[in-house]
Amino acid sequence: MKPARERFLELLRETVAAGALVKLTLGKHRGPDDSLVNLFARPVSLRGGPHLSLLWRHRTRDVTKNLPPAEALARLEPLIGSDFLHAHLFTRAETAQLECEPGGAARLRRKAAPTAPAAPEGPGDHDRVKRRPLDPSAPWLQALGVTHPDGQPRAGMAPKLRQIERFAELLGGLLREAGLPAGEAPVELVDMGSGKGYLTFAAAALLGDGGRVRGVEARPELAAFCNQVAAGRGWSGRLGFEAGTIAATPLGRLDALVALHACDTATDDALAKGIAAGARLLVVAPCCHKEARPQLAAAPVLGDALRHGILAERQAEFATDALRAQLLEWAGYRTRVFEFVSTEHTAKNLMIAGVRAGPGGDPALAGRIRAFAAFYGIRRQALARQLGFDLGAG
């Protein structure tokens, strides 16, 4: 009989070739990157045809790549039994579990799959295989012009529907990680910069009667439209929209704050508001990064690279969002930075999520934050200013 690892790899190849893969989970990491915990693979359908979506779950961030099946398998196979000692394969008909020992011994167990596997919870979760997080035929999706009554997306709205569903997947896992809902009081969630309300309605649908959701939008006509749709669904008591800016909107008791694609320092305004309100969960997807770019004065070795506008822009994005994540950690939040949706659906695909974990104020972390800011020449940053954090202090 062939060795257990070889039999598992053959089964994996056959499953992918037959289009029967539900998901693959690699665990018990023993590779060189100490921050890596798991690697997940699941099938996705993209414009270029079937792909495998690979998710590397680190302790503080997630990284996702969508690859053609052959390329994905070429990356996965060498890791199974080496960097990852455990591998769990879910197919439509069975599950197979490979357990390897550091010395090379391995055991393969297979059994029929009576039900689809439960998905892991968390912001990198791609695996809602039991049920979709939202009903695509829901009246609110129809009223917002996303889907037809049969649940199929309207012309040009398929990427938007995928974005909405992905947001609901992520938010569900993050709410659980933050211990929400907890107790009898409904979850208080605010969406700062709610726009046409796609994701605000998704949050309300996800929370149901256990939540009270509030959307804040600078354009009065959009706030009025969303209130009309919410009233038509009978949601007026648990979902409401108001016209206003992020900076000028007062917040009361708050459990969770969402701000997706708030421009430039509006993302910082939203984070500062959520921290001040004691939110247990903060979720932002930053947009443009104008504040940091003119300040960039990184090490001379980067000078030639940063003469190119597109590279300077991306460097400003990296520096700004990395600084935001570090400041959230300093403020007492366990923070992750990860891909929201594939760049094929939207270029604004980075998400920062923070779950309140403690009082914050770690002086060692503060020193590292200042060193990071100094490396890039960043002297002013909106979130640091609102938190009272001096980037230039020694």
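Modeller: We shall take the sheet, then one histidine, then the salt bridges. This is a predicted model, in which local features need pLDDT of at least 70 and side-chain atom pairs count only at pLDDT 80 or more, while totals for chains, interfaces and linings use all residues. Residues are numbered from 1 along each chain as its sequence is written, and side-chain values use heavy atoms, with hydrogens and water left out.

Colleague: In what order do the seven strands of the open sheet lie?

Modeller: Strands (E, at least two residues) and helices (H or I, at least four) are DSSP runs numbered from the N terminus, and two strands pair if DSSP finds at least two bridges between them. Here the order is E4-E3-E2-E1-E5-E6-E7, with antiparallel pairing. Strands E4 (62-67) and E7 (106-112) each have a single partner strand, so one side of each lacks a neighbour in the sheet.

Colleague: Over how many bridges do E1 and E5 pair?

Modeller: Strand E1 (residues 21-29) pairs with strand E5 (residues 84-91) over seven bridges. Within this pairing, Leu 21 has Thr 91 of E5 as its bridge partner.

Colleague: Is His 289 buried or exposed?

Modeller: Buried means under 20% relative accessible area, exposed over 50%, and partly exposed in between (1.4 Å probe, protein chains only). His 289 lies in the loop between strand E12 (281-285) and helix H8 (303-306), and its relative accessibility of 10% makes it buried.

Colleague: Which side chain joins that of His 289 in a polar contact of 2.9 Å?

Modeller: A polar contact is a pair of N or O atoms within 3.5 Å; within protein, one must be able to donate a hydrogen and the other to accept it, and residues adjacent in sequence count only if both atoms are side-chain atoms. The partner of His 289 is the side chain of Asp 321. A polar side-chain atom of His 289 also lies 2.9 Å from the backbone oxygen of Cys 287.

Colleague: How many salt bridges does the structure hold?

Modeller: Side chains of opposite charge can pair when their charged atoms come close. The criterion is a side-chain nitrogen of Lys or Arg within 4 Å of a carboxyl oxygen of Asp or Glu. The structure holds 19 salt bridges. One of them joins Arg 336 and Glu 177 (3.5 Å, N to O). Arg 336 is in strand E13 (residues 333-339) and Glu 177 in helix H4 (residues 158-177), so the pair ties together parts 159 residues apart in sequence. Arg 336 is buried at 16%, whereas Glu 177 is partly exposed at 24%.
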